[in-house]
Amino acid sequence: MDIQQLKYFQVLAACQHVTRAAEMLSLSQPALSRSIAKLEEELGVPLFERYNRSIKLNRYGQMFLVRVERVMKELSEGKQELFEVTHPERGEVALGFIHTLGTNHIPDLIGEFRIGFPHIQFQLVQNHSYSLLNQLMNGELHMCLLAEPRDPEPSIEWTPLWKEEILAVVPSFHRLAKAASIKLDELANESFILLKKGYALRQTTDLMFQEHGIDPNITFEGEEVATVAGLVGSGLGVSLLPDLQGLDTNKVAQIRLKAPESHRTIGLAWMNERYLPPAAINFKNFIINKMHPIN
């Protein structure tokens, strides 16, 4: 059976008159009768009682009609749902982003975007880069904002958008808290609080230590930048983090590194051969036009 047969049955069950049903369906009476007969043959039971020119839904037809109406309702709601999520001004964007962007970049970008598109909804996922890329490839995300991926899959498109300076973060009472800038060597003997292995920022900081010949004493590895900054503020160690807004300056100080000066690049990633709904395309274009991609 197919959806067309179910629709024919639903209409005929509603009016219980072959001629009127055929007219409503813009179908010939013989064609409608053949379709219903084929459906009854497949189900193995008659659905209507026939009395000369009139028909009446029988008990089997009544039972089957309940299921058919449920199916047709689900299909109708499914079509409406797809229309809504793919409508350029009313759809949904599944956006992933790394933890360090959650404090200011993501709220600011979405807030500004929704001035022009107030009805577009967002499904937000915050995770580290490798998990986001896996979710992107699995179709769970339309796009993600993250640091430049190392050895990305050829199917992933990545556009660099802006650079973030990596800063030293120390407790406000630390001996170097008032310094305008320091060398990474000056923190070599400190206890470090860093993000866990697998995070793009952790790769960046590990590379900084390696290039400077420092074997850091890592006392804690966290999953959230806010947690790392909070532990630094409690005096449990120091860290290397991008410039973050909203940090409690009474508890922590951010200091520029003059040797080695370090940046990381943040960009937008999406699958280059996968369908993007109009709402997601609108958001992608908004970000790229606003941030002016860098080389």
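Contact, as the word is used in this report, means heavy atoms within 4.5 Å. Helices (H or I, at least four residues) and strands (E, at least two) are DSSP runs, numbered from the N terminus.

## Basis of the report

This is a predicted model, in which local features need pLDDT of at least 70 and side-chain atom pairs count only at pLDDT 80 or more, while totals for chains, interfaces and linings use all residues. Residues are numbered from 1 along each chain as its sequence is written, and side-chain values use heavy atoms, with hydrogens and water left out.

## Helix α6 and its cover

Helix α6 spans residues 129–137, and within this helix S129, L132, L133, Q135 and L136 are buried (buried means under 20% relative accessible area, exposed over 50%, and partly exposed in between, with a 1.4 Å probe and protein chains only). These residues lie on the same side of α6, because they cover an arc of only 160° around the axis, where the arc is that of the directions from the helix axis to the C-beta atoms. An α-helix has 3.6 residues a turn, so residues three or four places apart point the same way.

The cover over the buried residues of α6 includes the strands β3 (92–97), β4 (121–126), β5 (143–147), β6 (156–171) and β12 (263–271), together with helix α7 (200–211). Just after α6 comes G139, which takes a positive phi of about 85°.

## Positive phi in two loops

Most residues other than glycine have a negative phi. Q16, however, is a residue other than glycine with a positive phi, near 50°, and it is found in the loop between α1 (3–15) and α2 (18–24). With a relative accessible area of 28%, Q16 is partly exposed.

S26, in the loop between α2 and α3 (29–43), also has a positive phi, near 55°. This serine counts as exposed, because its relative accessibility is 69%.

## D243 in its loop

D243 lies in the loop between β10 (239–242) and β11 (252–259), and it counts as partly exposed because its relative accessibility is 46%. When its neighbours within four places in sequence are left aside, D243 is in contact with E165, L167 and Q254. From C-alpha to C-alpha, D243 and P160 are 18 Å apart in space, and they are 83 residues apart in sequence.

## L75 in helix α4

L75 has its place in helix α4 (residues 59–86), where it counts as partly exposed, because its relative accessibility is 37%.
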